[in-house]
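Thanks for coming. I have one structure to go through today, and I will keep it short.

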Amino acid sequence: MRAPSPEPRAPSRLPRQVKLFGWVSLLNDFASEMIYPLLPAFVTGVLGGGAQALGALDGAAEFAAAFVKLGAGRLADRAPLRGPMIVLGYFIAVVVRPVIAVTGAAWQVIGLRVVDRLGKGLRTPPRDALIADVTPGELRGRAFGLQRGMDHAGAVLGPVFAWWLLASGSANVRTVIGASIAPGVVVLVLAMWAVRGGGRGRLGEVGEVRGGGDRAGQPPLTSSNLPRPSPVSPLLAIAAFYLLRMPDTLIILRSQELGVPVAIVPLLWAAVHVVRSSSSFLGGAASDRLGPGRTMWAGWLVYAVLAAGMARAGTAAAAWALFLALGLVSGLTESPERALVARLAGARQGSGFGAYHGITGFAALVGGVALGGVFQRYGAATAFFASAVGGLALVLAWPLLSWNASPQVRG
């Protein structure tokens, strides 16, 4: 009597393309984050803008990205288009970012930042769809954790390099911004390598469902066709968090108000991304083990507590401690969000991620402009307190709203 054949073991290694896109994300954020932490000082100090201009900067950038992501997501359902879309998206960012160095008004910075984010909107849905398709379902949390973790690792190295250039006296703010083109060129080379033959992953053809997708054969997740496992869609709950969350530029401005010198801001920003990077790996693993719903809920709770702390902070030391702790929020929310979208999108990963990035981008636009206006008119404490109250409301509502949700959403 022949013994039954053993069941095939689940794959334990991430596909090659996931790792390559991790390196692309690291170097791209190295270039981007050489610039980003300097923008509050550049816009308010050099160009004479205010807090509302900073809120508009983040909001308009996310709006532009959201608009493009909705269309890019549908195009990304066609596997052959994914590679060109990804490379073109990175090319736009690499070319546009250094031009910020020669601007003379806040509106010019906002315009260039918008074009930069258009590139992000074009590349993000096809990249995330490709990662989801080539990765087994049981490893998706780790796959997105790796991508987000290396993304944040690049955001550590970029500000440190910018600080070194400023502290050594060899460059001013404009020179640092212009120097971002160097790592950008390497990004383009790696992106073209990552997508070369990118229609085929380790597990087969991109475009097929990986890991027994939970929604195979069902309609795609779009803004007009959201899953209805509970009275409020999980995607709309995620969007609510983006609506109430304080933009990073305003957190940086608040830190400067509390006494963090402009020259030290890149170091603070780098330290925040150390926390974000390490917690992204933990958040991805927690999402696979505990479920994305519970992991996101923990991140929302942490945010509400820390935003209230930032409202009451009075020293530079408090700004450092609270900003660093806020890095945990990204680690606990970004990877689970993407893992949940991958579960719900099934065979139409491009449309699913297009809807996710688009809706959350629109929410970030409205929230960024509104919170920037409150910051400028009523002060930082009021803006952060309002954000904390919104976060607490979401924390209290989510367990009730997700009570009747399917296990793939709750846990």
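Predicted model: local features only at pLDDT ≥ 70, side-chain atom pairs only at ≥ 80, totals over all residues.

The largest nonpolar core has 87 residues. Those with the most contacts inside this core are Phe21, Met246, Trp300, Tyr303, Met310, Phe323 and Phe384. Helix H13, residues 316-345, supplies the largest share of the core, 9 residues. There is also a second, separate core of 7 residues, and Phe30, Leu38, Ala162 and Val176 are among them.

Back to Phe21 for a moment. What does Phe21 touch, leaving out residues up to four places away in sequence? The partners are Ile86, Arg127, Leu130, Ile131, Ala194 and Val195.

Next, helix H14, residues 349-378. With 30 residues at 1.5 Å a residue, H14 should span 44 Å, and its end C-alpha atoms are 42 Å apart, which agrees. Is H14 largely enclosed or open? Of its 30 residues, 22 are buried, so H14 is largely enclosed by the rest of the structure. After H14 comes Gly379, with a positive phi near 105°.

Last, the surface. Ile181, Val185, Val189 and Met192 form a nonpolar patch there, and together they have about 350 Å² of accessible area. Val185 belongs to helix H8, residues 181-195. In an α-helix there are 3.6 residues a turn, so residues three or four places apart point the same way.

Note on methods: Residues numbered from 1 in each chain as written. Heavy atoms only, no water. Patch = residues over 30% accessible without salt bridge, like charges linked within 9 Å, V, L, I, M, F, W, Y side chains within 5 Å. Areas by Shrake-Rupley, 256 points an atom, 1.4 Å probe, with all protein chains shown as cover. Salt bridge = Lys/Arg side-chain N within 4 Å of Asp/Glu carboxyl O. Helix = DSSP H or I, 4+ residues; strand = E, 2+ residues; numbered from the N terminus. Expected span 1.5 Å × (residues − 1). Buried < 20%, exposed > 50% of the residue type's maximum accessible area, 1.4 Å probe, protein only. Core = buried A, V, L, I, M, F, W, Y, C linked by side-chain atoms within 4.5 Å. Contact = heavy atoms within 4.5 Å.
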